[in-house]
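Open the model in your viewer and keep the selection tool ready. The stops below follow one another.

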Amino acid sequence: MMKSLLEYIKEAEEKKIAIGHFNVSDSEGFKAVVESAKELGVPVIIGVSENERSFLGVAEIRALVQVEKEKGQPVFLNADHTYSVEASKEAINNNFDSVIIDGAEKPFFENEMMTIEVVKYAKEKNPNILVEGELGFIGSGSTLRDEIPDGVSPATQTHPEDAQKFVEETMVDLFAPSVGNVHGLIRTGEPKLNIPLIKKIHKAVGVPLVLHGASGNTDEEVRKAIEAGISVVHINTELRLAYKKGIEKGIMSSDEIAPYKFMAEGVEEMKKIVRAKLKVFNRI
Ligand SMILES: [Zn+2]
């Protein structure tokens, strides 16, 4: 039988490597991520935000992942940034492998209450479904930015004591801290990841850590973050950029009208990013 997502994540935590989490919006993105992971022989997590899910269809993306699982491919499905308990329940009911209940912008207590509700619901439904909680705001939206978004600063980085309390009281399986990571890609490459803080938080919470918003961070920084206790790394913005660039090339380079030909360029460009990232995360 195939190992569960938690087993893969725990194994990554021990080996000091990380599992790649890539967001997709459509079947081309899905193809790019799955083919890259297959080529390298590593497990992978497909992420779909609430908007990506509504474009793709919740049951539809679940079916795509299921096909890979039945082929014995370790492909897992995560309901990325889910801002309501209701939408979390929908993902759980559709048998997603994991769900992120994101109350990071809410006051601590409110965040805790909604996270507890989702953990309880998920575990009753299926103890294998993982719930990830977040503490510390890192901005939202996988876009290109000229500067660090409002409301994100060293002051909004997660305190290890708060993280410990949050994880203990909510009983989440995975924890996403704010450690200098920011959603989207900031052209200046700032801010840098706070590696000592990652270490402290990992020690304090005792569950695997997830790094969001890793687009734009250097390979070296990400390697250090993994060494410090990150077990899952999220990439979205860099994939989106590569996809758009590839499709543009496909459309502009000829009068080709077959979508599977001009879209293929988008898939190829995404695969270059996914492969490069997976090599860094898995130390290949
Ligand atoms: Zn994220």
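Begin with helix 7 and helix 8: their crossing is right-handed (right-handed if the near helix is turned clockwise from the far one by less than a right angle, left-handed if anticlockwise). This is a predicted model, where local features need pLDDT of at least 70, side-chain atom pairs count only at pLDDT 80 or more, and totals for chains, interfaces and linings use all residues. Residues are numbered from 1 along each chain as its sequence is written. Helices (H or I, at least four residues) and strands (E, at least two) are DSSP runs, numbered from the N terminus.

**Stop 1: helix 7 on helix 8.** Select residues 160-170 for helix 7 and 195-205 for helix 8. Their axes come within 8 Å and cross at roughly 30°. Axes are lines fitted to C-alpha atoms, for helices over the stretch in contact, and angles run from 0 to 180 degrees between N-to-C directions. That makes helix 7 roughly parallel to helix 8 (angles under 35 degrees; over 145 is roughly antiparallel, 65 to 115 roughly perpendicular, the rest oblique). Now show the contact: Pro160, Ala163, Gln164 and Val167 of helix 7 meet Lys200, Ile201, Ala204 and Val205 of helix 8. Contact means C-beta atoms, placed from the backbone, within 7 Å.

**Stop 2: helix 8 on helix 9.** Pick Ile195, Ile198, Lys199 and His202 in helix 8; they meet Lys224, Ala225 and Ala228 in helix 9.

**Stop 3: helix 11.** Select residues 259-281. Which residues of helix 11 are buried? Among them are Val267, Met270, Ile273, Val274 and Phe281. Buried means 20 or more other C-beta atoms within 10 Å of a residue's own, exposed 12 or fewer, and partly exposed in between, with C-beta atoms placed from the backbone. The buried residues pack against partners including strand 1, helix 2 and helix 10.

**Stop 4: positive phi.** Most residues other than glycine have a negative phi. Jump to Lys16, in the loop between helix 1 and strand 1. Its phi is positive, about 60°. With 14 C-beta neighbours inside 10 Å, Lys16 counts as partly exposed. Finish at Asn95, in the loop between helix 5 and strand 4, with a positive phi of about 60°.

How values were computed
Contact = placed C-beta atoms within 7 Å. Expected span 1.5 Å × (residues − 1).
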